[in-house]
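Trainee: I have just opened a new structure and would like to learn how to read it. Could you walk me through it step by step?

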Amino acid sequence: MTGRPARAVLPPSLGGWLGLVAVLAGLVVVVLGLLYAGHSEPGRVDRWVVQPTADSVGPPWRNVALATDFLGEPVGAAMLVLASVTGCLLLRRPRAAVLVVVAVGLAVGTTTLIKPLVGRTIHGDDNLSYPSGHTAFLTALALVMALLAAGRLGLGRTAGTSLVLAAALAAGAAMGWAQVALGAHYPTDVLGGWCTALAVTPATAWLVDRTADGTAGGTAGRPADAPADAGRPERR
């Protein structure tokens with residue numbers, strides 16, 4: 001059975017620019033990790049932004065911060081991912097549904113791997129803080145949704161890149177503010193989490209496309225019910 005080829009989750013017009021962004025973001029993650037390795041106090045930049053070791057907001061903004069933070073907790077995150085996957089499947093974009101799960105999982109998993117390597121803490125030695133997994137999660141999810149929108153709308157390089165980066169900035173700023181406001185992370189922690197998502201998500205989208213295209217190419221032209229040795233000459 002033949003049909004229209006599956007639409008790429010990383011629009012070709014955005015691949016070059018987002019690849020450059022991913023490289024730069026990865027460098028930021030590494031540099032910040034080296035600067036704050038083993039630290040347990042806010043740095044100069046952190047103090048310039050806000051004192052992050054105590055709650056810095058009161059009602060009603062504290063409730064907003066708590067609600068935003070919930071979106072990065074296991075239950076809230078699972079709800080967002082499930083809703084996003086369902087939406088992708090309803091739009092008949094199974095490749096995008098796969099990207100939601102894989103990109104978000106890799107972004108959060110990367111922050112989890114980096115934390116013990118850097119060893120930065122907040123509120124005690126047991127609370128590893130760099131980079132922020134909550135910020136990486138919401139940013140990665142926003143990036144995937146923006147990539148889906150850019151591809152569906154057929155946006156060009158400038159408009160598509162602007163949409164993707166704006167979505168990432170909005171999601172990262174919202175979750176980052178909540179994390180700092182609640183005293184859960186230093187400002188540079190959320191910057192590291194944001195950059196982690198920027199580094200991981202485009203690369204993951206590229207890999208999902210390559211894997212899916214390779215799988216489709218390997219089965220193209222052969223009927224689904226044809227045996228593997230169909231077409232070979234019979235041995236006598």
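Mentor: Let's go from the overall fold down to single residues. This is a predicted model, so to speak of local features we ask for pLDDT of at least 70 and count side-chain atom pairs only at pLDDT 80 or more, while totals for chains, interfaces and linings use all residues. Residues are numbered from 1 along each chain as its sequence is written, and side-chain values use heavy atoms, with hydrogens and water left out.

Trainee: How many helices and strands does the protein chain have?

Mentor: Helices (H or I, at least four residues) and strands (E, at least two) are DSSP runs, numbered from the N terminus. Here you'll find 8 helices and 0 strands, and the pattern along the sequence reads α-α-α-α-α-α-α-α.

Trainee: What share of the residues in the protein chain is buried?

Mentor: Buried means under 20% relative accessible area, exposed over 50%, and partly exposed in between, with a 1.4 Å probe and protein chains only. By that rule, 40% of the 236 residues in the protein chain are buried.

Trainee: Which residues of the largest nonpolar core touch the most other members?

Mentor: In soluble globular proteins, nonpolar side chains tend to be buried together. A nonpolar core is a set of buried Ala, Val, Leu, Ile, Met, Phe, Trp, Tyr and Cys residues joined through side-chain atoms within 4.5 Å. The largest one here has 44 residues, and L99, V100, F137, L147 and V164 touch the most other members. Two or more residues each come from α1 (12-35), α4 (74-90), α5 (94-118), α6, α7 and α8 (187-219). The largest share, 12 residues, is from α6.

Trainee: What does F137 touch?

Mentor: Contact means heavy atoms within 4.5 Å. Leaving aside residues up to four places away in sequence, F137 touches L71, G72, A77, L80, V81, V104 and V108.

Trainee: What span should the residues of α6 have?

Mentor: The expected span of a helix is 1.5 Å times one less than its number of residues. Helix α6 (residues 133-153) has 21 residues and should span 30 Å, and its end C-alpha atoms are 30 Å apart, which agrees. Of those 21 residues, 16 are buried. After α6 comes G154, with a positive phi near 65°. Likewise, the 25 residues of α5 should span 36 Å, and the ends are 36 Å apart. Among the buried residues of α5 are R95, L99, V100, V104 and K115.

Trainee: At roughly what angle do α3 and α7 cross?

Mentor: Axes are lines fitted to C-alpha atoms, for helices over the stretch in contact, and angles run from 0 to 180 degrees between N-to-C directions. The axes of α3 (residues 61-70) and α7 (residues 157-181) come within 9 Å and cross at roughly 115°. On the α3 side, W61, V64, A65, T68 and D69 meet A174, M175, W177, A178, Q179 and A181 in α7.

Trainee: Where is R92, and is it buried or exposed?

Mentor: R92 lies in the loop between α4 and α5. It has a positive phi of about 60° although it is not a glycine, and R92 is exposed, with a relative accessible area of 73%. H123 also has a positive phi, near 60°, but H123 sits in the loop between α5 and α6 and is partly exposed at 47%.

Trainee: Which peptide bond is cis?

Mentor: Look at the bond from Y130 to P131, with omega near -5°. P131 is in the loop between α5 and α6.
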